[in-house]
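I am opening a notebook on this structure. My plan is to go from the overall layout to single residues.

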Amino acid sequence: NLSEMDNALNYVSSTCIMKYYSSASLHVGRQSILNHLLQMPKTSQKSIVIDDIFSSSPKRGQKHISVSVQWHLENDNGEIQRFGRGSSLYVVNIADGKIVK
């Protein structure tokens, strides 16, 4: 859903760098990230379900924190998709809460 993508991208820095390690593709900036996400296959209705979120504690003078998210994919019947588990690592700017990497 494009409006949900646009809403999610409000949490992404305009200079964000996104790298997919499985394909070695690199995307810089909101528009590049959006274009990449819109090209992903839409074979069936799937939902991303967050299982857990971990973050580092900010230290004095630190500008960023690391955030790790464990997730899984479910189909529209609530069944977990085969090979549909993963984790993502983000670097978040403490000042504005936006993802920078």
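**Layout of the chain**

I read the elements from the N terminus on, and their order is α-β-β-α-β-β-β. I count 2 helices and 5 strands in the chain. Helices (H or I, at least four residues) and strands (E, at least two) are DSSP runs, numbered from the N terminus.

This is a predicted model, in which local features need pLDDT of at least 70 and side-chain atom pairs count only at pLDDT 80 or more, while totals for chains, interfaces and linings use all residues. Residues are numbered from 1 along each chain as its sequence is written, and side-chain values use heavy atoms, with hydrogens and water left out.

I looked up the overall box next. The C-alpha atoms fill roughly 45 × 30 × 25 Å, taken along the principal axes. Of the 101 residues in the chain, 22% are buried. Buried means under 20% relative accessible area, exposed over 50%, and partly exposed in between (1.4 Å probe, protein chains only). I also checked contacts, meaning heavy atoms within 4.5 Å. Among those with a separation of 6 or more, 37% come from residues 24 or more positions apart.

**The sheet**

I traced an open sheet of 3 strands, in the order β3-β4-β5, with antiparallel pairing. β3 and β5 are the edges; each has a single partner strand, so one side of each has no neighbour in the sheet. On average, neighbouring strands are turned by 25 degrees against each other, direction ignored. For that angle, axes are lines fitted to C-alpha atoms (for helices over the stretch in contact), and angles run from 0 to 180 degrees between N-to-C directions.

Two strands pair if DSSP finds at least two bridges between them. Strand β3 (residues 46–55) pairs with β4 over 9 bridges. I found 10 bridges between β4 and β5.

I then picked out single partners. I50 has W71 of β4 as its bridge partner. F54 stands opposite S68 in β4. On the other pairing, V67 has Y90 of β5 as its partner, and H72 stands opposite R85 in β5.

The hairpin of β4 and β5 has 4 residues between the strands, and there G78 takes a positive phi near 80 degrees.

**Two polar residues**

I looked up S88, which lies in strand β5 (residues 80–93). Its side chain makes a polar contact of 3.0 Å with that of W71. A polar contact is a pair of N or O atoms within 3.5 Å; within protein, one must be able to donate a hydrogen and the other to accept it, and residues adjacent in sequence count only if both atoms are side-chain atoms. Not counting residues up to four places away in sequence, S88 touches V67, S68, V69 and W71.

N75 is in strand β4. Is N75 buried or exposed? I find N75 buried, because its relative accessible area is 15%.

**The core**

Which residues make up the largest nonpolar core? I list 12: L9, V12, C16, M18, I33, L34, L37, I65, V67, V69, V92 and I99. α2 (30–38) and β4 (64–75) each supply at least two residues of this core. By nonpolar core I mean a set of buried Ala, Val, Leu, Ile, Met, Phe, Trp, Tyr and Cys residues joined through side-chain atoms within 4.5 Å.

In α2, I33, L34, H36 and L37 are buried. They are on the same side of α2, because they cover an arc of only 160 degrees around the axis. The arc is that of the directions from the helix axis to the C-beta atoms.

I also checked C16. Leaving aside neighbours within four places in sequence, C16 contacts H27, V28, G29, I33, I99, V100 and K101.

E4 is in helix α1 (residues 2–9). E4 is exposed, with a relative accessible area of 56%. E4 and V92 lie 88 residues apart in sequence and 20 Å apart in space, C-alpha to C-alpha.
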